[in-house]
Amino acid sequence: GPTVVIIGAGIVGCALADELTGRGWTGVTVLDRGPLFETGGSSSHAPGLVFQTNPSRTMSRLARYTVEKYSELGCFSPVGSLEVATTAARLAELHRRFGFGQSWGVPSSVLDPAACATLYPLLDKSLIVGGLHVPSDGLVPTVRAAEAQAARATARGARFLGDMTVTRVLSRAGRVTGVATADEEFPADLVVSCAGLWGPAIGALAGVSIPLLPMAHQYVRTTPAGAADSLPILRHQDRDLYFRAHGDRFGIGSYRHEPMPVDLADLPGDAHPSKLPFTPDTFRQSWTAAGELIPALRGATLEEAFNGVFSFTADGFPLLGEAAALRGFWVAEAVWVTHSAGAAKAVAEWMVDGRPAIDLHECDLNRFDAAQLAPDYVRRRAIRNFVEVYDIVHPADPPPVRNVRVSPFHPRQTELGAVFGEAAGWERPLWYATNPPPEAPRPRDEWSARHWSPIAETEARLTRRRVALYDMTPLTRIDVTGPVSFLSGLVADDVDRPVGTVVYTFLPDRAGGVRSDVTVARLGEDRFRVGGNGPLDVDWLRRHAPPGVSVRDVTGGTCGVGLWGPAARELVAPLTDVDVSAEAFRYFRAREGHLGTVPVTMLRLSYVGELGWEIYTEAQYGLRLWDTLWEAGREHGLIVAGRLAFDSLRLEKGYRAWGRDMTGEDDPYQAGLRPFGEQPPDRRLTCLVLADTGDVPLGREPVYAGGFPVGHVTSAAYGWSVGAPIAYAWLPSALALPGTQVEIGYFDRLLLATVAAEPLFDPKHERLRR
Ligand code: FAD
């Protein structure tokens, strides 16, 4: 194997050395500036609580592997966990978390107060209304787990060197070549930074942005208070507290204080650089709350207390992968003890096999737009994540930093009363307040009605009946210039088609999984416009581009609309020099021309299943494009429509959203992108129609058959053309047969659902082809 230098011998660096050497890459050197293995990093102070339940399937699986591995190493106490609720809203949230556990394979149960007290006799059960018990959660002795993994790696040939501060990252021609300390060089083919909260400093040595923010967090140990090592780990999220036992003492962590971002330059230069002095004033409230929940604490005092430092990111996910800016420079940072072994395994697979075995797109170091790397953006969003760490967060709750990326249509959208949501920094209209609500809106449960409006129904119905204008600017657009053989070699279908053809296809990864779905429009002999799913697609194309091929991300410099509905042709025909007749401009074709004075690229595609075009232009012409269409649209009943209508219409048509419905873990047969032959795949993305009770899932909920969890929901929305909520879900093939009855777990309820043949609406796609 290649020579690898790992910077950092915290739990992540040690886990990675173990995983790499276990795969036969034995030329591994791990350098740490501190002494081994109490290096003074976050791992040296972490109490090691592991809660596996997470809204993200990936994060849950990283945690599950951590539990498995540390159990085998004898470095895990499976004491179980208990999260208590003191309000009805928290109890509902615990039911939702129970659902995540069912979806991702972390069994748990929701308990009443008496059962909580049986499990945890020291609780004042009059305070609580219920709890979530996860029997397989527990505690990792963090330094011992790091050491055990380092010992195994050492036995296979790895070296661990303490008191070695990396001061330079060496590179030549865009590739890393090693690292250096003040007086020694360590040549390497690959360098992995596992420097935890020091990640940004190492990144700076390599010319790579590491968007994380170190923050202080309070942890105390009490005097003896009747605790016992057999007690489950405990969370009291309504007061931002967690508890574990240290023998008969309690360890208590608090997130209740004001966020305390830390400047690396202000860390103490002593043996405990990630341990800051305790701030007792900010702990007072927490101490009172702790004594209320566990009355035995009232007689105790604090024996040890400090503010420990660890990393927060803008979206709460870790930073994993190879830097786009410096080949061979890898990162595994902002990783909790909870996810340490799982993250290390995934990164090791990625390095050795070229691909992690599970989907990591949420954690990919290269997932950010340039604006999302701005220190101010990272800081404000990371601070919010700290504040909300135990809050009940709705998936559509708005982030603290807005208007980072806006399309040129933004002023017009605002005039029309757009209510915006945010995705990847983009402002996207969810619905427009100037559209009328329906006369008799369908009832909707309180949770799914948040950041939602009945106006979506009007927008969806009028898209099907007349014509609607959607903002498509946030889609990633990549211009590729060069011989067709480049794209032909990267995508799954033949794109060597006549100029003017559009192909919907996908980027297969090494194992044939769906890395991303893309449209490829051939605009000239060697000129292609690729529509994709974000910076990871740009990176993937750039990585593979040979000399002579140019790959340009034109997302920010261009903009576009979807103009869809039965009246779309009548609307655009008089405005454009492009022949938009059914014969001259067929489905899945592209043409360049003008619309009014605006130079446009028109793609005859539709994510909503109606006649129409995606119409793109340069950003400078955006307002003019919008105004031209809007003015001409008046006599055709044109409306503006947002994401909520879009999502409903797309699910009625069965169009997959990459990242939600499918990822690199899924092959195209499973995902339903390709028809399969005789032998169905083991599992399939399946269309479900729900009983119309007013409950509308949002995604990630468990699906049950015969009382057993069998899969999970990916996307869901109310389908107005169908007259029922629609959900897409991963199910075993044996159940993915039309007519099969299943149930979806939604809070404390079970929603009846039936597998249906897809697509539900216009299955012959006649409306698209008019
Ligand atoms: P670290 O352990 O910080 O290791 C990074 C290493 O890089 C350090 O050893 C450092 O010396 C080295 N390094 C830095 N710069 C250089 C350089 N220039 N040259 C050489 N070496 C360098 N997580 C949980 O999952 N559960 C918990 O209950 C939990 N509780 C916590 C409580 C507290 C008080 C704190 C502080 C953290 C807690 N965490 C918890 C978070 C957890 O501790 C960290 O996420 C985890 O330990 C990070 O591990 P790491 O290996 O990435 O980083």
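1. His-361 sits in the loop between helix H8 (337-353) and helix H9 (375-387); helices (H or I, at least four residues) and strands (E, at least two) are DSSP runs, numbered from the N terminus. The model is predicted, so local features need pLDDT of at least 70 and side-chain atom pairs count only at pLDDT 80 or more, while totals for chains, interfaces and linings use all residues. Residues are numbered from 1 along each chain as its sequence is written, and side-chain values use heavy atoms, with hydrogens and water left out.

2. Leaving aside neighbours within four places in sequence, His-361 is in contact with Arg-367, Leu-536, Trp-658, Gly-659 and Thr-663. Contact means heavy atoms within 4.5 Å.

3. Arg-767 belongs to the segment after strand E40 (749-755). Not counting residues up to four places away in sequence, Arg-767 touches Arg-464, Pro-566, Gly-609, Glu-610, Leu-611, Phe-761 and Asp-762. Between the C-alpha atoms of Arg-767 and Gly-612 the separation is 9.7 Å, with the two residues 155 apart along the chain.

4. Two cis peptide bonds deserve a look. The bond from Glu-758 to Pro-759 is cis, with omega near -5 degrees, and Pro-759 is placed in the segment after E40. The bond from Leu-36 to Phe-37 is also cis, with omega near -5 degrees; Phe-37 is in the loop between strand E2 (28-31) and strand E3 (49-50).

5. Positive phi values come next. His-451, a residue other than glycine, has phi near 50 degrees. His-451 is located in the loop between strand E23 (426-432) and helix H11 (455-465), and is partly exposed at a relative accessible area of 30%. For these classes, buried means under 20% relative accessible area, exposed over 50%, and partly exposed in between (1.4 Å probe, protein chains only).

6. Phe-588 is not a glycine either, yet has a positive phi of about 65 degrees. The loop between helix H14 (568-572) and strand E31 (590-595) holds Phe-588, which is partly exposed with a relative accessible area of 24%.

7. On the overall fold, the protein chain has 16 helices and 40 strands. The radius of gyration is 27 Å, close to the 27 Å that the globule rule gives for 770 residues, so the chain is as compact as a globular protein of that length. This radius is taken over C-alpha atoms, and the rule is 2.2 Å times the number of residues to the power 0.38. Along its principal axes the C-alpha trace spans about 80 × 65 × 55 Å.

8. Of the 770 residues in the protein chain, 59% are buried. Among contacts between residues at least 6 apart in sequence, 70% join residues at least 24 apart.

9. The domain assignment gives domain 1 (4-313), domain 2 (420-474 + 558-653), domain 3 (476-554) and domain 4 (668-755); the bounds come from an automatic or database domain assignment. Taken over C-alpha atoms, the centres of domain 1 and domain 4 are 36 Å apart. Their contact takes twelve residues from domain 1 and eight residues from domain 4.
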